[in-house]
Amino acid sequence: MATANKNLSEYNKADLIDAKDLKIGLVVSEWNDKVTNGLFQGAYDVLIDCGAKPENIVRWNVPGSFELIFGSKKMHQLEQFDAVIAIGCVIQGETKHFDFVCEGVTQGIKDLNLIYDVPTIFCVLTDNNEQQSIDRSGGIHGNKGTEAAVAALKMIALNK
């Protein structure tokens with residue numbers, strides 16, 4: 001979804017399910033943590049705003065975005081969560097590493113959605129530079145983490 005003409009932090013709480021009885025897992029990349037912590041906070045704030053209990057929001061950290069796949073899979077295997085949100089940030093560098101990581105993470109999270117009957121939400125920024133990521137993790141474009149939590153709540157409702 002393009003962000004140039006949309007603030008990622010805007011949502012209508014009335015359109016979302018009550019999260020008081022939900023358990024949500026968030027797998028967060030430690031790489032680019034200034035950005036991923038902002039994304040986590042955006043997601044956390046929406047879940048709390050929609051009634052989730054803090055003890056039912058579980059955060060696991062993984063080293064980088066590529067490890068989001070394994071961390072999310074391990075969360076799914078516990079069979080305790082209504083949704084898992086994978087939070088990461090990959091910033092374009094001088095090599096093709098960016099392409100390989102982005103493709104691998106995208107396909108891996110897609111695969112988790114095919115394997116498990118619980119949604120895995122893709123909250124991975126793939127930007128050209130750090131400023132673009134900052135702008136989308138609580139900056140001028142809002143917070144993609146907010147959008148991911150909204151998507152999680154909508155997918156949980158669809159799954160019930």
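## Exercises around H76 and the annotated sites

The side chains of H76 and T120 make a polar contact at 2.6 Å (N or O atoms within 3.5 Å, one able to donate a hydrogen and the other to accept it; residues adjacent in sequence count only if both atoms are side-chain atoms). The model is predicted, so local features need pLDDT of at least 70 and side-chain atom pairs pLDDT 80 or more, while totals for chains, interfaces and linings use all residues. Residues are numbered from 1 along each chain, and side-chain values use heavy atoms, without hydrogens and water.

**Exercise 1.** Work out where H76 sits and whether H76 is buried or exposed.

*Solution.* Start with the place: H76 belongs to helix 2, residues 68-78 (helices are DSSP runs of H or I, at least four residues; strands are runs of E, at least two). Next, look at accessibility: H76 is buried, because its relative accessible area is 6% (buried is under 20%, exposed over 50%, partly exposed in between, with a 1.4 Å probe and protein chains only).

**Exercise 2.** Find where E94 and R136, which come from the "binding site" feature of an unreviewed UniProt entry, lie.

*Solution.* First, E94 is in the loop between strand 3 (83-91) and helix 3 (97-115). E94 is exposed, with a relative accessible area of 85%. Then turn to R136, in the loop between helix 4 (130-135) and strand 5 (137-139). R136 is buried at 16%. Finally, check its side chain: one of its polar atoms lies 3.0 Å from the backbone oxygen of Q132.

Definitions and conventions:
UniProt positions renumbered as here; feature names shortened; annotations may be inferred.
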